[in-house]
Amino acid sequence: DKVSLVHGAHRTGRRTDAAMARWRAYGLGQFIHWGLYSIPGGEWDGKTYNGAAEWIRSWDGITKSAYDSLIYHFNPVKFDATAWAAAAQQMGAKYVTITTKHHDGFCLWPSKYTSYTVASSPYKKDLIKPLVDAYNKAGIDVILYFSIMDWSNPDWRYDIKTKDDSIAFERFKKFTRNQLLELLERYPTTKGLWFDGTWDNAWVKQAAFADELETEMRKMRPGLIIGSRFRADENGKRHFDTNGQLMGDYEQGWERKIPNTITEVHGNDWDCVMTVPENQWGYNAAWKGHIKTTDELLEMLAKCVSLDGNFVLNFGPKGDGSIRKEELSLAREIGDWMAVNQEAIYGCEYAGLEPQNWGYFTKKTGTDKIYMLVFNVPVSGALRVKLPVQTSISKAYRLGQPAQTFVPEEIQASESFIHLKTTSEKHPFVIVLETAKKTENPKVKY
Ligand SMILES: C[C@@H]1N[C@@H](c2cn(-c3ccccc3)nn2)[C@H](O)[C@@H]1O
């Protein structure tokens with residue numbers, strides 16, 4: 001039985017408004033981690049470190065003041081918002097989540113509330129506005145990433161232990177609210193906020209403040225989309241409140257991981273944010289370990305959409321504003337695949353079918369159109385499909401090559417094999433199933 005909560009979830013079930021339906025239909029997004037950490041790229045004094053490059057300020061062996069002085073070297077002369085947006089558009093991203101301020105506290109916009117911003121760097125100019133404008137012009141929505149944790153602000157606290165801590169943290173809460181309202185004022189076309197750095201005790205204890213701030217931001221921007229990572233309930237519960245209800249509009253727990261079954265998503269909207277290397281968000285020169293291939297990333301995209309989620313792939317531009325060639329070629333290859341198969345991704349959802357080993361099902365929202373996204377061709381070449389009872393396949397064809405049709409072999413009620421013509425496919429492909437409810441056999445009336 002439920003406990004009464006003042007600062008728990010204020011909504012059960014999915015949002016049903018148009019702004020959220022637009023978010024739900026995105027399928028593929030781009031994450032961009034860019035800031036002072038992009039300058040060292042995971043290396044310091046000739047030493048390569050193993051941790052995530054955007055956390056370099058927190059590593060032993062690096063003096064904080066030395067890191068903070070990077071601001072005087074931040075001058076991304078190669079930054080080209082139009083080129084970034086064009087690469088994202090060609091990849092097929094429908095939205096971008098961009099770091100306005102990461103944990104280090106450096107602001108990519110000229111905030112009025114701190115001097116630790118791009119305005120104090122040689123570059124001087126606002127970086128967020130040209131990005132929002134260029135991406136919007138390319139038909140891509142923008143969501144602003146914002147880290148509550150801010151290592152540059154002397155009033156930030158990991159926890160509140162003393163009276164001084166609470167006096168300082170009150171100032172920090174005012175500063176945080178000011179910056180968030182400033183972002184909403186400055187960038188009115190942005191669709192949401194992606195919060196991070198909200199796990200520390202000091203912030204987790206601010207259930208009432210965060211709840212009021214969330215309400216204030218939603219009032220300022222009707223339709224604003226905020227995930228489950230922003231605030232905790234009055235018992236310190238994060239992502240899901242004390243009653244197990246999702247906080248915010250979608251689940252933000254899938255960072256570098258993907259659910260395996262539909263039960264794990266509890267009927268919620270969610271996004272998966274994913275790095276190309278194992279765990280590097282900001283530019284990392286070394287890029288050691290496994291670098292995911294295009295086909296691996298496409299399979300992750302397909303798996304996310306097949307389970308009602310969005311897949312958000314991270315890019316870490318260099319300190320000079322250029323994007324590394326490996327990321328550009330991944331974007332290009334993903335885009336080449338999306339150009340043929342985007343119909344199976346955009347506006348698609350969980351198909352409600354039994355998962356099969358050969359890949360993933362998606363369904364076009366509001367229709368009976370099923371897509372088979374094939375990643376693992378069986379040696380038999382026979383793809384098993386189990387449909388709900390009383391559903392038949394009226395047409396089956398290769399997406400992008402409608403002349404390549406298939407005649408399903410029905411092996412038992414609502415279970416068929418689609419027999420591939422070849423088992424030597426080299427890349428993932430999609431088969432479209434137009435399905436129809438079997439009409440009841442007309443009873444003989446006379
Ligand atoms: C989206 C990603 N979230 C940030 C993060 C958070 N964490 C983390 C890791 C362990 C405990 C608490 C937080 N590690 N990285 C990364 O720096 C990146 O911004």
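Contact here means heavy atoms within 4.5 Å. This is a predicted model, in which local features need pLDDT of at least 70, side-chain atom pairs count only at pLDDT 80 or more, and totals for chains, interfaces and linings use all residues. Residues are numbered from 1 along each chain as its sequence is written, and side-chain values use heavy atoms, with hydrogens and water left out.

Me: Among contacts in the protein between residues at least 6 apart in sequence, what percentage joins residues at least 24 apart?
Reply: The count takes in contacts between residues at least 6 apart in sequence. The share of these that joins residues at least 24 apart is 71%.

Me: What percentage of the residues of the protein counts as buried?
Reply: Buried means under 20% relative accessible area, exposed over 50%, and partly exposed in between, with a 1.4 Å probe and protein chains only. Of the 446 residues, the buried part is 55%.

Me: Is Ser-121 buried or exposed, and why?
Reply: Ser-121 lies in the loop between β4 (95-101) and α4 (128-137); helices (H or I, at least four residues) and strands (E, at least two) are DSSP runs, numbered from the N terminus. Because its relative accessibility is 1%, Ser-121 counts as buried.

Me: Which residues does Ser-121 touch, not counting residues up to four places away in sequence?
Reply: Residues up to four places away in sequence are set aside. The residues that Ser-121 then touches are Ile-71 and Phe-74.

Me: How many Å apart in space are Ser-121 and Phe-311?
Reply: In sequence, Ser-121 and Phe-311 are 190 residues apart. In space, C-alpha to C-alpha, the separation of Ser-121 and Phe-311 is 33 Å.
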